[in-house]
Amino acid sequence: MSIVFTEIAKTFSLHTSKTTYQLKIGNLNYVNHLYYGATIHDEDLSYLIRRYDRGFSGNPYDSLKERTFSLDAQPQEFTTQQQGDFRINSIEVQNPDGSFSFDGRYIAHKIYPGAFTLKGLPTAFATDKDTVDTLEIVLEDAVTKVQVTLLYSVFEEADIIMRAARVHNGGTGEIALKRIMSLNMDYMNGGNLDIISLPGRYGQERQVERQPLTHHVHKIRSGRGISSHQQNPFIALVEKEANEEYGSCYGFALMYSGSFLAEAELDQYDQARLVLGVNDRLFSYQVAPGEDFDTPAVLMTYTHKGLTAMSRNYHNFFRNNLNKSKFVRDIRRPVLINTWEAAFFDFDDVKLIEIAKAAKGMGVEMIVMDDGWFGKRDDDNSGLGDWYVNEKKIKCGLTELVRQINDLGMKFGIWFEPEMVSEDSDLFRSHPDWVMEIPGRHAVRSRNQLVLDVSRKEVQDYLITSINAILDSANIYYVKWDINRAITDLWSNALPAGHQGEVSHRYVLGLYRVMDGIIKTHPDIMFEGCAGGGGRFDPAMLTYFVQYWSSDNTKPLDNLKLHYGSSFLYPLCTMGAHVSQASSMVPLETKAAIAMCGTFGYELDATKLGPDEVAVCKKMSDLYLKYYDINFFGDYYRLANPFENVNLVAWECVSKDKKEALLTVVTVNLTVNGPQEYIHCRGLEPDSLYQVEKEGSGVVLTASGMALMHAGIPIPREIPEFTAFMYHLKSL
Ligand code: GLA
């Protein structure tokens, strides 16, 4: 059992294979957080809490004038409200009498095998290789009878703990949740922590930022209704000394695709607190007596072995425990060509067949018909919402077009943007009340499109029915599911005034229902997510999508940064990456080597390539197949940081059995007559002998794992910038 309750000490010890998390039913039945770190057995760690009479830090009434007992200074598992803890809070509830108080004390707990699930929200699941146990602890406010159940599923082998909170209104009047976080995490000694986050913008998603945790509230958030290009729902707190190989790292990834909030604070006594959950901005959720509210889940992990090990825990977990699609692991994903950058809106069935024919020679196995095939969609000002085939463009009809593509020996994929509507569309003309628009105002336009009120059941049903009809009308193998704007004008015509603070969250729940109705009912279709690139690339989306389009920016050198940043959380097999026409100074081989640091494909007009270029593409598609298993299922190592002033950027994937590795090096800056540079491998078997083959040049070296890791591989100098080297290491 990975969860041990010690009756006498009243401690709960949650053990993964390498970590322990401990909490305790403390004085007055407040639940204290005691420890999260490397494995310690079940001993009571409450000696760590030292109590002092702290000025201006109040004492709960029933602590009986005990001045050293203050919630302001003690590590909590979840916060109270108005009980003298002035730090950032995990709950803010307005009670039926108008008061803002929550004094949650332990009343019950249960421990059971398996992972928890949440109502309408995605969670991770246990496979038959996992040992998973769940602890639920119920806190109750004795006056209002509002309960918060803290949920912990311990994925033992994976070193992951999944957490969430469930509010139950056990009282007699309606309550308003103004803030409810999925997780509260206290550190008794937080003065030595840095925050790592993945900020960005459209076209430059998931860059890496590291900053010290200081004495103010640090906020990492999206208020855009989508998890966003600007921040990813991920935060790590790491020891200042932590680097790729050493140091304590705590990772927290929220399984949510809407507006989110992480707040971290170093308090007056250098204790740290982190909360993470649904953004409380423009949020107020009514919970009627007897009803529940579930927060999204957080996946948390700890390692004292540095950033690589933290990322590794997530990579393994995301590959194994988020998505049951056969395309995650059992079926190799095809090399695809997407028509967007080749044709934009200017294509018809004949052009698609031409592209498919030309792409065959490049080793492409699937053509994806992007935006522009439906309704009256000749540019991005019209047609969204009309999910029926535009037969002026697809003259032969979709079923026949797909048949012809299949006859070429190719698979067929299609694009949708389900949540959006153009004002110039039949859907808008017949259902103008289905958009998010505040009464008496005009909705904000973005890319000249409006947002459907996906919180409404009839809108969800329309999307499920109309999109499924297309999917069932032809032999469709793949879907790219896009969203191309942020959500504004939070308003639902289907909700009364007092419930409008629920719209943002209800939208996300509605979206998950639509995705359940389309994606989960089509297990034979491979789904890729997209949000104008990676604007909604998050762990919840990966429960539906096996891969996510990383960015609309296909410039190879920008992608080096994007992949590096994304890799803090996401495995390569989830990152959509294509070779495109962008950046003509970068050779095709280099573009392809970089796109192999993701799910490989092309984003160009195959009919315009010369025979030499087609041959290069074929060679690179073949390499993608050759290295598929190492890239998709191996262990990934960041070897050189493209955000630093480096001459070489490098990464490595090592097969789980360490018998093979693929090392990719890209020269980004070559100084004249500069020094010899070496790349140090990682993750090899020290005593094994490896044969190092440079793609295109044959075997260049045979050396031990030790030598390759500690002494390195010399990288040739006399070559042009933007050259990619791929070294295949094989143990002898
Ligand atoms: C978004 C996507 C692109 C493409 C266009 C189509 O920007 O990221 O790849 O699908 O939409 O409109």
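Q: Buried means under 20% relative accessible area, exposed over 50%, partly exposed in between (1.4 Å probe, protein chains only). So what does Phe 344 count as?

A: Phe 344 counts as partly exposed, with a relative accessibility of 41%. Before going on: this is a predicted model, with pLDDT of at least 70 needed for local features and 80 or more for side-chain atom pairs, while totals for chains, interfaces and linings use all residues. Residues are numbered from 1 along each chain as its sequence is written, and side-chain values use heavy atoms, without hydrogens or water.

Q: Fine. Where is the place of Phe 344?

A: Phe 344 is in the loop that runs between α2 (340–343) and α3 (349–360). Helices (H or I, at least four residues) and strands (E, at least two) are DSSP runs, numbered from the N terminus.

Q: How far apart in space are Phe 344 and Met 369?

A: Their C-alpha atoms are 9.9 Å apart. In sequence, Phe 344 and Met 369 are separated by 25 residues.

Q: Another loop residue. Where does Gly 372 sit?

A: Gly 372 belongs to the loop between β22 (366–369) and α4 (398–407). It counts as buried, because its relative accessibility is 0%.

Q: On to the ligand. How many residues surround the ligand, and which are the closest?

A: 13 residues surround the ligand (near means a heavy atom within 4 Å). The closest are Asp 370, Asp 371, Arg 447, Lys 480 and Asp 552.

Q: What about Lys 480, and what about Arg 447?

A: For Lys 480, an N or O atom of the side chain is 2.7 Å from an oxygen atom of the ligand. For Arg 447, the distance from a polar side-chain atom to an oxygen atom of the ligand is 2.9 Å.

Q: How much of the ligand's accessible area does the protein cover?

A: 97% of the 310 Å² that the ligand has on its own (Shrake-Rupley method, 1.4 Å probe).

Q: Strands now. Why is β30 largely enclosed by the rest of the structure?

A: Strand β30 spans residues 599–603, and five of its five residues are buried, so the rest of the structure largely encloses it.

Q: Which residues point which way from β30?

A: Thr 599, Gly 601 and Glu 603 point one way, while Phe 600 and Tyr 602 point the other way. All are buried.

Q: What is the order of the open sheet of four strands?

A: β1-β2-β3-β4, with antiparallel pairing. β1 (3–6) and β4 (31–38) are at the edges with a single partner strand each, so one side of each has no neighbour in the sheet. Five bridges join β2 (residues 11–15) to β3 (residues 19–25), and Ser 13 faces Gln 22 of β3.

Q: Then the open sheet of six strands: what order?

A: β31-β32-β33-β38-β35-β36, with antiparallel pairing. The edge strands, β31 (635–638) and β36 (698–704), pair on one side only. β35 (residues 689–694) and β38 (residues 724–731) run antiparallel and share five bridges. Glu 693 has His 728 of β38 as its bridge partner.

Q: Last one. Where is Ser 655?

A: In the loop between β32 (648–654) and β33 (660–667). Ser 655 counts as buried, because its relative accessibility is 14%. A polar atom of the Ser 655 side chain lies 3.3 Å from the backbone nitrogen of Lys 659.

Key. Two strands pair if DSSP finds at least two bridges between them. A polar contact is a pair of N or O atoms within 3.5 Å; within protein, one must be able to donate a hydrogen and the other to accept it, and residues adjacent in sequence count only if both atoms are side-chain atoms.
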